[in-house]
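Subject: Structure for you to look at

Hello,

Please find the structure below, with the sequence alongside. My notes come after it.

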Amino acid sequence: MDYKYTSLILSKRDIAEVDRIYNFYTLEEGKIQAVGRGARRPNAKLAGNLEPLTQTEVYVSKRKGMGNITGAIAVNNFLALKADFLAISRVFWALSYFDKLITQQEKDMRVFELLLEYLEAMEKLSEEKKAEYKFDIVTLGFLFKLTESLGYRIQVGCCANCRRKMVAGNDNFFSAERGGALCGECAKAERRKVKNADSSIKLVKIFLKNRISSFSKLEVSEKDLRELRLIWKELIDWV
Ligand SMILES: [Zn+2]
């Protein structure tokens with residue numbers, strides 16, 4: 001059987017003498033792997049269209065087990081992103097979590113759209129040579145959205161414990177175990193929490209409500225960025 005996949009190439013690894021296994025996220029079946037026979041030969045035509053961080057139409061021939069790649073047409077090469085160390089280091093950092101969070105072969109159009117939107121946003125930042133922290137905001141925003149779309153509800157508008165509306169300026173906390181923001185009163189009983197997380201919790205709320213393409217417009221202080229990373233760390237450790 002032959003299949004055509006709308007794919008985002010995630011990674012590759014060498015096998016045998018001249019072959020490669022490619023790992024990609026597809027619109028049709030979620031995360032899959034296929035073999036590129038002869039992909040490491042110097043004149044291999046397919047290889048350039050199968051580089052990680054490329055959007056590619058991939059053709060796979062499958063009988064049993066892992067299929068063989070028979071064709072690949074690049075749709076978007078994300079050339080600016082690939083040439084930008086700031087961007088690429090963040091994208092691979094995010095993809096390491098993507099890989100851990102998505103373990104099964106399961107179709108999920110929302111996840112595909114998020115990943116594509118993330119790569120497009122990072123490409124745009126690279127083209128426009130934006131400040132380094134913008135790459136971090138877009139990357140963290142993508143990760144929070146991804147986590148939520150996989151079914152982990154993150155409570156941000158009100159306290160995850162007593163459900164009271166969060167009040168700005170008060171001592172607000174974040175607890176992944178409790179499922180989101182915590183008011184000062186409820187946080188007293190919690191051992192693991194991120195302190196004074198008022199403005200960073202607001203950013204998480206913005207991430208969850210808006211599109212990734214808009215995140216580059218956010219102005220975020222060094223302190224908020226630090227807190228966002230702490231909240232992310234708490235969340236992913238818990239997940
Ligand atoms: Zn509370």
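This is a predicted model: local features need pLDDT of at least 70, side-chain atom pairs count only at pLDDT 80 or more; totals for chains, interfaces and linings use all residues.

Overall

The protein chain contains seven helices and seven strands. Read from the N terminus, the order of elements is β-β-β-β-β-α-α-α-α-β-β-α-α-α. Along the principal axes, the C-alpha atoms of the protein chain fill a box of roughly 65 × 40 × 25 Å. Of the 239 residues in the protein chain, 36% are buried. Taking contacts in the protein chain between residues at least 6 apart in sequence, 57% join residues at least 24 apart.

Domains

Contact between them involves 11 residues of domain 1 and 14 residues of domain 2. On the side of domain 1 that touches domain 2, β1 (2-15) and β3 each supply at least two residues. The most comes from β3, which gives three residues to that side of domain 1. By class, the side of domain 1 that touches domain 2 has six nonpolar, two polar and three charged residues.

Strands around β3

Strand β3 (residues 30-36) runs antiparallel to strand β2 (residues 19-26), and seven bridges join the two. β2 and β3 form a hairpin, with three residues between them. β3 also pairs with strand β5 (residues 67-76), here in the parallel sense and over two bridges.

Helix α2

Helix α2 (85-101) has 17 residues, which should span 24 Å at 1.5 Å a residue; the end C-alpha atoms of α2 are 24 Å apart, so the two values agree. Its buried residues are Ala 87, Arg 90, Val 91, Ala 94 and Phe 98. Seen down the axis of α2, these buried residues fall within an arc of 100°, and therefore they line one face of the helix. Phe 85, Ser 89, Ser 96 and Lys 100 are exposed on the other side of α2. The cover over the buried residues of α2 includes α1 (79-82), α3 and α4.

Helix α4

With 18 residues, helix α4 (residues 132-149) reaches 26 Å from its first C-alpha to its last, close to the 26 Å expected at 1.5 Å a residue. The buried residues of α4 are Lys 134, Phe 135, Ile 137, Val 138, Thr 139, Leu 140, Gly 141, Phe 142, Leu 143, Phe 144, Lys 145 and Leu 146. What do the buried residues of α4 pack against? They pack against α2, α3 (109-127), α6 (198-209) and α7 (222-238). Just after α4, Gly 151 takes a positive phi of about 105°.

If you open the model, two places to start are the side of domain 1 that touches domain 2, where β3 gives three residues, and α4, whose buried residues pack against α2, α3, α6 and α7.

Regards

Conventions: Residues are numbered from 1 along each chain as its sequence is written. Two strands pair if DSSP finds at least two bridges between them. Helices (H or I, at least four residues) and strands (E, at least two) are DSSP runs, numbered from the N terminus. A residue is buried if 20 or more other C-beta atoms lie within 10 Å of its own, exposed if 12 or fewer, and partly exposed in between; C-beta atoms are placed from the backbone. Two residues are in contact if their C-beta atoms, placed from the backbone, lie within 7 Å. Ala, Val, Leu, Ile, Met, Phe, Trp, Tyr, Cys and Pro count as nonpolar, Asp, Glu, Lys and Arg as charged, and the others, Gly among them, as polar. The expected span of a helix is 1.5 Å times one less than its number of residues. The arc is that of the directions from the helix axis to the C-beta atoms.
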